[in-house]
Amino acid sequence: SKAMHIITDKLQLMVPREEFTGPVHRALFAHPGAQERIAARLVARIEQFREDAAALRGRFELQHAESLWTGRMALQIWLNRQQVGSGPCVESEIVDAAQQLFLITSEIQRLLQQWCDS
């Protein structure tokens with residue numbers, strides 16, 4: 001994502017090019033171990049991004065996973081009742097909107113599960 005692109009750009013700056021040695025490369029060559037320290041900091045930063053993502057995922061699950069599932073099941077029951085004719089008569093646009101909402105919530109739940117499994 002964006003964080004990975006930023007880190008990739010920084011790593012590319014550190015790779016010396018044969019045809020050009022700019023001020024960044026000269027500074028890195030002038031300070032032995034600088035590349036290693038920068039790489040170590042970038043690795044630490046990536047690990048921090050991963051930890052932050054895990055914390056955010058956990059917080060999202062605590063706050064929204066159960067209500068997402070409950071809402072999706074309520075939509076499923078309502079749609080089932082509409083299909084068998086036991087629910088109140090409503091316009092087809094409302095049923096279509098409910099079906100779209102059901103598909104969207106199903107996709108969100110699938111993505112949340114995929115996120116948890118990774």
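Because the model is predicted, local features are considered at pLDDT of at least 70 and side-chain atom pairs count only at pLDDT 80 or more, whereas totals for chains, interfaces and linings use all residues. Residues are numbered from 1 along each chain as its sequence is written, and side-chain values use heavy atoms, with hydrogens and water left out.

The secondary structure of the protein chain consists of four helices and zero strands, where helices (H or I, at least four residues) and strands (E, at least two) are DSSP runs numbered from the N terminus. Read along the sequence, these elements give the pattern α-α-α-α. The radius of gyration, taken over C-alpha atoms, is 25 Å, well over the 13 Å that the globule rule gives for 118 residues, so the protein chain is more spread out than a compact globule; the rule is 2.2 Å times the number of residues to the power 0.38. Along its principal axes, the C-alpha trace spans about 80 × 30 × 15 Å.

Of the 118 residues in the protein chain, 16% are buried, a class defined by under 20% relative accessible area, with exposed meaning over 50% and partly exposed in between (1.4 Å probe, protein chains only). The protein chain exposes about 9100 Å², of which carbon and sulfur atoms supply 61%, the areas coming from the Shrake-Rupley method with a 1.4 Å probe and, for residues, with only the protein chains shown counting as cover.

The largest nonpolar core has five residues, namely L75, L79, V95, A98 and F102; such a core is a set of buried Ala, Val, Leu, Ile, Met, Phe, Trp, Tyr and Cys residues joined through side-chain atoms within 4.5 Å. Helices α3 (34-84) and α4 (92-117) each supply at least two residues of this core, and its largest share, three residues, comes from α4.

The buried residues of α4 are V95, A98, F102, T105 and L112, and what covers them includes α3. With contact meaning heavy atoms within 4.5 Å, V95 touches W78, L79, Q82 and V90 when residues up to four places away in sequence are not counted. At 1.5 Å a residue, the 26 residues of α4 should span 38 Å, which agrees with the 37 Å between its end C-alpha atoms; the expected span is 1.5 Å times one less than the number of residues.

In helix α1 (residues 2-14) lies K2, which counts as exposed because its relative accessibility is 66%.
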